[in-house]
Amino acid sequence: MEVHDIVDILEAEIVNEGDMDAEIKTACGSDMMSDVLAFVKEQSVLLTGLVNPQVVRTADMMDMHCIVFIRGKSPDDTIIALAKQRDITLLKTRYRMFTACGKLYDAGLRGGCNI
Amino acid sequence: MAGLELKYAVPSAEEDFLGAGEASTSVKKKLRQIGYNPEAVRKVAIAMYEGEINMAIHAGGGEAEVEILPQSVTIKLIDHGPGIADVEKAMQEGWSTAPEEVRSLGFGAGMGLPNMKKYTDTMDIETEVGKGTTITMVVNAQ
């Protein structure tokens, strides 16, 4: 799956455009950044309801290419600026966490581990 | 080959929440530039970032000293915060003393110190209640 596929599947709005052709192999959905940092996987997308700059920093530490804000939450200019510097795509979807994760799972994306 | 030493001041989360993580970002960039092993770079970035966030949130900031050698990276995080009363408990996944406002920032799930240990080859904690904490972590290049 590539970043542009996630835009289609989640009917998402592009808030910051990074590399839309970057390959996404796994996904992680959480509002707790330390839980995200605990389960490092290659080329992940992060789905979160948390909206603050540390979401971008966490994604950056994990080499993630894309962050999806769920339930129509909007990142502010500070967050967008941080993502721009790092070439991280920011998306916004109206779907809730459960549904957003379910749609991506249904399209073949997995968590990257067996549990 | 001589080591490369880097020093940073880490702000408190109250003063500058956006700035927490800047030191880790800078170290990650530097390691990338010099072509360090990517797996080691990621471990350093995550462990240092967790430590930096901890200092910013719990200890009112502090200092970070990083020494980059061909064979390893040493990260020393020094704060003058409240200290850790029970290190053994603090090392357990899910154990947290973080107040609700910290959790609302996306941290305080009780994964900080366990994550730091997980991503480093050695981790040493010196702490004294009321005086502060110094954490020294080493990540081997290979």
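Colleague: Which way does α3(A) pass α4(A), in a left-handed or a right-handed crossing?
Modeller: Right-handed. Keep in mind that this is a predicted model.

Colleague: Fine. At what angle do those two helices of chain A pack?
Modeller: About 15°, with the axes 8 Å apart. That pairs α3, residues 53-61, with α4, residues 77-86. Angles under 35 degrees count as roughly parallel, so α3(A) and α4(A) are roughly parallel to each other.

Colleague: Which residues make the contact?
Modeller: From α3(A) you have A:Pro53, A:Val56 and A:Asp60. On the α4(A) side there are A:Thr78, A:Ile79, A:Leu82, A:Ala83 and A:Arg86. By class, that contact has five nonpolar residues, one polar and two charged.

Colleague: Switching to the contact between the chains. How many residues does each one put in?
Modeller: Chain A gives 18 residues and chain B gives 17.

Colleague: And on the chain A side, where does the largest share come from?
Modeller: From α3(A), with six residues. Both α2 (33-38) and α3 of chain A supply at least two residues each to the side touching chain B. Sorted by class, the chain A side has nine nonpolar, four polar and five charged residues.

Colleague: What about chain B itself, how many helices and strands?
Modeller: Six helices and five strands. Along the sequence they run β-α-α-α-β-β-α-α-α-β-β.

Colleague: What radius of gyration does chain B have, and what would a compact globule have?
Modeller: Chain B has 14 Å, and a compact globule of 142 residues would have one near 14 Å, so the two agree. The C-alpha trace of chain B spans about 45 × 30 × 25 Å along its principal axes.

Colleague: How much of chain B is buried?
Modeller: Buried residues are 38% of the 142. As for contacts in chain B with a separation of 6 or more, 62% are between residues 24 or more positions apart.

Colleague: Is A:Glu11 buried or exposed?
Modeller: Exposed, because A:Glu11 has 10 other C-beta atoms within 10 Å, and 12 or fewer counts as exposed.

Colleague: And what's the phi of A:Asp63?
Modeller: About 60°, positive although A:Asp63 is not a glycine. A:Asp63 lies in the loop between α3 and β4 (66-69) of chain A. With 18 C-beta neighbours inside 10 Å, A:Asp63 counts as partly exposed.

Note on methods: Residues numbered from 1 in each chain as written. Chains lettered and ligands numbered in written order. Predicted model: local features only at pLDDT ≥ 70, side-chain atom pairs only at ≥ 80, totals over all residues. Axes fitted to C-alpha atoms, helices over the stretch in contact; angles between N-to-C directions. Helix = DSSP H or I, 4+ residues; strand = E, 2+ residues; numbered from the N terminus. Parallel < 35°, antiparallel > 145°, perpendicular 65-115°, else oblique. Left-handed = near helix turned anticlockwise from the far one by under 90°. Contact = placed C-beta atoms within 7 Å. Nonpolar A, V, L, I, M, F, W, Y, C, P; charged D, E, K, R; others polar. Rg over C-alpha atoms; globule rule 2.2 N^0.38 Å. Buried ≥ 20, exposed ≤ 12 C-beta atoms within 10 Å, placed from the backbone.
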